[in-house]
Amino acid sequence: MGKPHLLILGGTGDARQLAERLSARDDLRITLSLAGRTKMPLPQAVRTRVGGFGGVDGLAEYVRADHVDLLVDATHPFAARISANVFVVAQATDTPLIVLDRPAWEKAESYQWIEVDDVAAAAMALGDEPRTVFLTIGRQELAPFADHPQHRYVVRSVDPAAVTLPNSTVILDRGPFDAEAEEALMRKHGVEIVVSKNSGGNATYGKILAARRLHLPVIMVKRPRPSGAQTVGSIAAVEDWIDAHVAAFTERGA
C-alpha cells in the first residue's frame, strides 16, 4: 500500500513550520509547493516544487497525475486567487482540502486603525497632505501609490519591486520583526503613518505594536473573502485533520 500524498500550497512561515513538523513522518509523501515570487526562498524540510501550476486546469492535472490525496492551503491570507483555484480543484477532483488561515489581527481601543477594502483604497486614504508613509504590503501592489507622489514612502519587502515609487526609501528585509526594532525604524525614518495588510500572526505584528506606542495611525487593508473551504487557525489543527485522513486512508487499504 502506498503512502498518501500530501500537497501543501505554501509561501508562508506557517507552511514552512508545518512542513518541518511533518517531515519526520513516515506515513506520508509530502510535497511543498511555492509560487516562486520570492527569489531566494528559505530552505524547506520536505520535497519542494517552485512555480505556478497554470491556473485551475494545471493544478487539477498535477493533482491527478501526481496522485495527490490531501491538499493543505497554507498560502498567504491575501493570496485569494490561489485559494479560490485550490478550492475549485479540490471539488473537481474530490480531494480533501483544509485551509490554514492564521487569525486576523483585531483592533483594540488604543489602536488608530483606518480599515479599507483594498490597496487602492489604502492609497486614497493617505489624503492630500504630504506624509512619510511606511508601506509594508509586499512588492506586488505598489502601483496605486505612484499616483500619490506627494508622500515620502518607506517601502519594505523581501525582494525588489518592479515598481519604483518616487521619493522612496527601499528596505529589503525578511521578518520576523519585533516591536522594538520596528519602533526604531519608524523613528529613524520619521514615519507618520503605516500601511499594512491584515496578515495576522506574530511575525510582522511588531509594526502594529510600534505604531501604537508611537501613536501613529495605521491604514489596514481587510482580508479578501475566504474561498469557502474548511478552515482552521493553527498548525496543530491541520495535523489533527491530516491524522484523521491518514487513518481513514489506511483503513481503506488504498
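I took helices as DSSP runs of H or I with at least four residues, numbered from the N terminus. The model I am reading is predicted.

**Helix α6.** I started at the end of α6. His-215 follows this helix and has a positive phi, near 60°. Which residues of α6 are buried? I found Gly-206, Lys-207, Ile-208, Ala-210 and Ala-211, within a helix that covers residues 206-213. I then looked up what these buried residues pack against. The list holds the strands β6, β7 (132-136), β8 (152-157), β10 (193-197) and β11, plus helix α5 (179-189).

**Sheet with β6.** I traced an open sheet of six strands, ordered β6-β11-β10-β7-β8-β9, with parallel pairing. Its edge strands are β6 (113-116) and β9 (168-172), and each pairs on one side only. From one strand to the next, the twist averages 20°. I checked β6 against β11 (residues 218-221): four bridges, parallel sense. Ile-114 has Ile-219 of β11 as its bridge partner.

**Sheet with β1.** I traced another open sheet of six strands, in the order β3-β2-β1-β4-β5-β12, again with parallel pairing. Here β3 (47-50) and β12 (231-232) each have a single partner strand, so one side of each lacks a neighbour in the sheet. I looked at how β12 is joined: two bridges link it to β5 (residues 97-100), and the two strands run parallel. Leu-100 stands opposite Val-232 in β12.

I found α2 (residues 55-65) across β1, β2, β3 and β4, running at about 155° to β1.

Definitions and conventions. Residues numbered from 1 in each chain as written. Predicted model: local features only at pLDDT ≥ 70, side-chain atom pairs only at ≥ 80, totals over all residues. Heavy atoms only, no water. Pairing = 2+ DSSP bridges. Axes fitted to C-alpha atoms, helices over the stretch in contact; angles between N-to-C directions. Buried < 20%, exposed > 50% of the residue type's maximum accessible area, 1.4 Å probe, protein only. Contact = heavy atoms within 4.5 Å.
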